[in-house]
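User: I am new to this structure. Please take me through it in short questions and answers.

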Amino acid sequence: MPRFSIIVPVFKVQGFLRECLDSVLGQSFTDLEVIAVDDRSPDGCPAILDAYADRDARVRVLHLPENVGLGRARNAGLEEASGDYVLFLDSDDSYTPGLLAAVAARLEANRDPDILVFDHVRTHWWGRGGRSTAADLLAAAGTGTFSIRERPEYLHLFLVAWNKAYRRDFFLKHELSYAPGLYEDAPVTYRSMVLADRIACLERIGVEYRQRRQGAITKTPGRRHFDIFAQYEGLFAFLEERPDLAWARPLLFERALDHMLFVLARDDRVMPRDRGDFYREIRSFHARHVPEGFTPPDGWRGKEMRLPASAPYASYAVARGLRDLRRRAGNGKRRVTQAASERARRTWYTAHSRLPLDPHLAVYSAFTHRGVLGDPAAIHAKAREIAPHIRGVWVVQEDAVEALPPGIDFVTPGSRRYHEVMARATYWVNNVNWPGTLAKRPGSIHLHTHLGTPLKYMAADLLAKPGARHGFDVPKMLWRADRWDYSLVANRHSELVWERACPCHFTSLRTGSPRNDVLVNAGPGAGEAARARLGVPAGNTVVLYAPTRRDYRRDGHVDRIDLARFAEDLGTGHTLVVRLHPSLAKGTARGMGLADLHRRGVLIDATDEPHVEDVMLAADVLVTDYSALMFDYANLDRPIVIHADDWGAYAASRGAYFDITADAPGHVSGSYRELAWLFASGTWRDGESARARAGFRERFCEFDDGHAAERVVRMVMLGERMPEGPVGVARVPAPAGERSLTDARRSPRWRAQPGSLDVVM
């Protein structure tokens, strides 16, 4: 008896069927059977199914003698199922990697609950969507079980068949089956949820829910959408027979009305000429089944549910139209108010710009105001130490204020004090560009630290890569970069790249990367505190996996490695730590399995660790694809493995300044098999790896000597010359200042020493 029976009804999906079946049969969890139900499909689906059955004994095909529709096709598959749990999967959708292993683990941990619900992501024909509306509910459920009577809000989960695993004997005991027609999922979902004693949730995206451009029945307008009433009549007929479920009647009545009103409002479902009839059916359903004392929810939907028996559809349509009109008017009023507030704040900035610059005021920001982080944080810390007369103020988003270290002076973007500080500060330090609404004052000094050594194309070089610069305004970015006075670089490669990618007037300073000082100066036990905080067992080898985003994918996230398999293959004594690219942290990437694997202790998700330097110090080896993190990590002189199985696609879509597979800091794997072998054989840390790393460090860690932050503060803020170490490279300063390098600080302590600056022509 298999653990899972996957029932796949099939009808006219020959273009998607192979992807669907491959996503099931390719799962790392293999104790399953696939029951594919050919619902008399007129295309090539029957032949595809038979071919899969010939190749894989886990696949069984039922060829139905006539077309019976989605619901009854599922019923036919259910009759043949023998697994402990039954899962339904539509044949144009697909499972995400590792789903069934995660489901099996959660079922075992919860001692086989009646139902397990997991998440999904909508995949449109133009690309993958964002988080589902169920994501927060699934996260709030935790790892235990509950009943709907205890947690009625979970009736708001997406009411479909394919986001659940049903215990088969539970499904059969309650004689659950799908009725013919559209919206067949609703009565089965709601019946099963209120009947279940123990429901578990899995905060993991399990299904890629394909939003087909055409051909989807639910998006084809017509009278078939009236099937919804028969479906809910069947549900309420069931409730009439079950007085023990009287507690659920108001909950299900509210859900039924919400669903019907949702369908009525959709232009792609109910045609205009049918809306009057559809609305009358809703009123009729309401009159027959409204529970005594029913209280509609708050808000507009609740008002819609108060349906007077005599109210015609025209009255409803007028009320809804007025509601939409008020909403648009309200949005317009808010936009006008916001614009007026912004003008007032700009006026505040202009007024304070008439006052002299404060020579002892510096303003800092990092990663679009996400906190005290990166190079700006290192410069700020060193300035507090050796230039305490320079007061530092951070620009921080409101949602990041609570995480600020003690004693940090800060302003929030858009506030009055923000505009006051920005207008008066002499020093502006950032690793991304400042807003274009803030004019650069003559005499102010803008220091740009960047986000690391660039491998991929940046700024003006993206003009040749239209896909990678989608949504990115290159001319506007360069206009903002025109305000830079100084650009920090850690190596000559970066110096040349930034001068090419940002053809602006700035001075390149060969200071090194201030954020890397902590890496260069790290002692033998520097990573122990981070390892303890992350929960790494003592003595384990830490493998840090840091993938970057892909510009050939709309949402940037591509699963290149089965993380559960990699963690298992690393074996005992190893801990896999994963850190996603910041741009992927709030998308679907973690829901695809990372968050679940972290909760189960399979790996450690360090994406939210505020200081990436701590994560690097905790690691014994870095595995990455094309992340700029490799250039920083190389300062630690620890092994690096480049997993470059899609280098061709990445380089073609984004562009790269050199071939990382040819000039790598260690071994390169072109497939998961090669990656696993590198670790199984111990090759990842051999002499060849050390030789490659030495050359890489010589080239890209050239100016990182542990004194970068001090060098920046002394040269730019104090006007001093560092006695030893790398030197700056002079160019024409930012045009707004119209200063030469020697008078940029206007400090009596500034002395340009012969030979201290090399001019790049």
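**Cavities, a helix and a loop**

Analyst: This is a predicted model. Its largest cavity has a volume of about 260 Å³.

User: Which residues that line the largest cavity are the closest to its centre?

Analyst: The lining of this cavity counts 23 residues. Helix 19 and helix 20 (594–599) are the elements that give two or more residues to it. Closest to the centre are His557, Asp559, Ile561, Leu563 and Ala589.

User: By class, how many residues in the lining of the largest cavity are nonpolar, polar and charged?

Analyst: Gly counts among the polar residues here. On that basis the lining of the largest cavity has four charged residues, five polar and 14 nonpolar.

User: What is the volume of the second largest cavity?

Analyst: The structure holds five cavities of 30 Å³ or more. The lining of the second largest cavity has seven polar, five nonpolar and two charged residues. Its volume is about 80 Å³.

User: Why do the buried residues of helix 24 line one face of the helix?

Analyst: Helix 24 spans residues 672–680, and Tyr672, Leu675, Ala676, Leu678 and Phe679 are buried in it. Look down the axis of helix 24: these buried residues fall within a limited arc, so they line one face. On the other side, Arg673, Trp677 and Ala680 are exposed.

User: Which elements do the buried residues of helix 24 pack against?

Analyst: Buried here means under 20% relative accessible area. The partners of these buried residues include helix 19 (563–570). The others are strand 18 (541–546), strand 21 (621–624), strand 22 (640–643) and strand 23 (668–669).

User: Which residue just after helix 24 takes a positive phi?

Analyst: The phi is about 80°. The residue is Gly682.

User: Is Thr607 buried or exposed?

Analyst: Thr607 sits in the loop between strand 20 (604–605) and helix 21 (612–618). Its relative accessible area is 9%. The limit for buried is under 20%. So Thr607 is buried.

User: How many Å apart in space are Thr607 and Val578, C-alpha to C-alpha?

Analyst: In sequence, 29 residues separate Thr607 and Val578. Leaving aside neighbours within four places in sequence, Thr607 is in contact with Val578, Arg579, Leu580, Ala585, Arg590 and Leu594. From C-alpha to C-alpha, Thr607 and Val578 are 6.9 Å apart.

User: What is the mean pLDDT of the chain?

Analyst: In this chain, 89% of the residues reach 70 or more. The mean pLDDT is 88.

Conventions
Residues are numbered from 1 along each chain as its sequence is written. This is a predicted model: local features need pLDDT of at least 70, side-chain atom pairs count only at pLDDT 80 or more; totals for chains, interfaces and linings use all residues. Side-chain values use heavy atoms; hydrogens and water are left out. Buried means under 20% relative accessible area, exposed over 50%, partly exposed in between (1.4 Å probe, protein chains only). Helices (H or I, at least four residues) and strands (E, at least two) are DSSP runs, numbered from the N terminus. The arc is that of the directions from the helix axis to the C-beta atoms. Contact means heavy atoms within 4.5 Å. pLDDT is the predictor's confidence in each residue, from 0 to 100. On a 1 Å grid over the protein atoms alone, a cavity is a set of points where a 1.4 Å probe fits but cannot get out, and a pocket is an open set with protein on both sides within 12 Å along at least five of seven lines; lining residues have an atom within 4 Å of a point. Grid points are joined across faces, edges and corners, and a volume is the space filled by probe spheres set on the points.
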